[in-house]
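Q: I would like to learn how to read the features of a protein model. Please take them one at a time, with the general idea before the case.

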Amino acid sequence: MVYYAYIKNISDDFSSRYVVVFASRVVADEWWRAVSTSANTKYLDSVRRVAPQFFTHDVSKANASSSITDAQVASSFFGKVFFTLLPNRDDGGLSVIPILDFADHVSGNSEYWYCPGSSTGNVTPNSKVYVSRTERTRFRVRLISERKDIAGTIMIGSDEIAITLTSTNLSIRVSRSSHLIVSKSPEPGLKFSDLTNGFGVVTPLLDNEGQCGNIKELFKTDDGEDWELV
């Protein structure tokens with residue numbers, strides 16, 4: 001699904017305002033990573049991400065719309081992004097973009113699965129992780145390489161992550177049988193893109209009376225479901 005954002009000129013309130021159309025939300029986050037880590041330092045000083053759908057730029061330093069034609073910045077996004085210049089303020093007319101309701105992909109945001117015993121502090125290493133309609137456990141998703149003095153990085157699919165219990169120092173790992181468990185150390189090589197299709201569920205567990213329970217086992221797969229941060 002296409003994704004929209006505004007870009008405002010930080011120097012005034014009437015010129016160099018854009019509506020940007022990205023091929024997807026993933027593309028928007030990847031474009032921002034390319035711009036915010038660019039070898040062309042003019043863009044580092046110019047473009048700011050104020051909110052998921054709102055950016056600013058200082059056109060006296062660099063115009064964000066030029067990023068996709070600059071080989072040092074984000075030219076690989078030329079076929080995935082386009083910028084539409086809005087009329088000057090006094091000329092009237094403003095394109096209203098669809099507002100999307102979702103959690104931002106900020107390193108340190110949360111995911112809810114279910115790990116029995118976590119709420120009472122009795123969870124132990126090698127405990128399995130489930131999904132449940134009635135129970136939940138909060139996990140924090142963060143970048144493995146994130147510096148402590150630079151928080152709030154927007155995560156993209158290629159980033160290596162750790163998924164950690166917020167209640168204790170245990171992290172998600174994958175068992176030999178591909179089930180998700182908690183461990184004292186995070187799973188090596190786990191990517192943020194795994195939250196898109198890297199985890200799936202199996203048949204609901206049976207309760208003591210042989211009826212389907214409200215929890216399902218969670219496992220690592222190459223064709224899983226899409227999980228969202230909250």
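**Reading the model**

A: The secondary structure of the chain comes to three helices and 13 strands; helices (H or I, at least four residues) and strands (E, at least two) are DSSP runs, numbered from the N terminus. This is a predicted model, in which local features need pLDDT of at least 70 and side-chain atom pairs count only at pLDDT 80 or more, while totals for chains, interfaces and linings use all residues. Residues are numbered from 1 along each chain as its sequence is written, and side-chain values use heavy atoms, with hydrogens and water left out.

Q: What percentage of the residues in the chain is buried?

A: Buried means under 20% relative accessible area, exposed over 50%, and partly exposed in between (1.4 Å probe, protein chains only). Of the 230 residues in the chain, 43% are buried. The chain exposes about 12600 Å², and carbon and sulfur atoms supply 49% of that area; accessible areas come from the Shrake-Rupley method with a 1.4 Å probe, and for residues only the protein chains shown count as cover.

Q: How do I read a nonpolar core, and which residues have the most contacts inside the largest one?

A: In soluble globular proteins, nonpolar side chains tend to be buried together. A nonpolar core is a set of buried Ala, Val, Leu, Ile, Met, Phe, Trp, Tyr and Cys residues joined through side-chain atoms within 4.5 Å. The largest one here has 25 residues, and Ile7, Phe22, Trp31, Val47, Phe77, Val81 and Phe83 have the most contacts inside it. Two or more residues each come from β1 (3–9), β2 (18–22), α1 and β5 (81–85). Helix α1 gives the largest share, six residues. A second, separate core of 24 residues includes Met155, Leu165, Leu170 and Ile172.

Q: Which residues does phenylalanine 77 touch?

A: Contact means heavy atoms within 4.5 Å. Leaving out residues up to four places away in sequence, phenylalanine 77 touches Val27, Glu30, Trp31, Ala34 and Ile68. For the whole chain, residues 24 or more positions apart account for 61% of the contacts with a separation of 6 or more.

Q: How many salt bridges are there?

A: A salt bridge is a side-chain nitrogen of Lys or Arg within 4 Å of a carboxyl oxygen of Asp or Glu. By this rule the count is seven. One of them joins arginine 33 and aspartate 159 at 2.7 Å, N to O. Arginine 33 lies in helix α1 (residues 25–36) and aspartate 159 in the loop between β8 (137–143) and β9 (161–165), so this pair ties together parts that are 126 residues apart in sequence. Aspartate 159 counts as buried, at 11% relative accessibility.

Q: Where do aspartate 194 and lysine 220 lie?

A: These two form a salt bridge, with the closest N and O atoms 3.3 Å apart. Aspartate 194 is in helix α3 (residues 194–197) and lysine 220 in strand β13 (residues 212–220), so the pair ties together parts that are 26 residues apart in sequence. Aspartate 194 is buried at 12%, whereas lysine 220 is partly exposed at 24%. Salt bridges that share partners also join Asp29, Arg49 and Asp104 into one network.

Q: Is serine 110 buried or exposed?

A: Serine 110, in strand β6 (residues 110–113), is buried, with a relative accessible area of 3%. A polar contact of 2.6 Å joins its side chain to that of arginine 138. Such a contact is a pair of N or O atoms within 3.5 Å; within protein, one must be able to donate a hydrogen and the other to accept it, and residues adjacent in sequence count only if both atoms are side-chain atoms.
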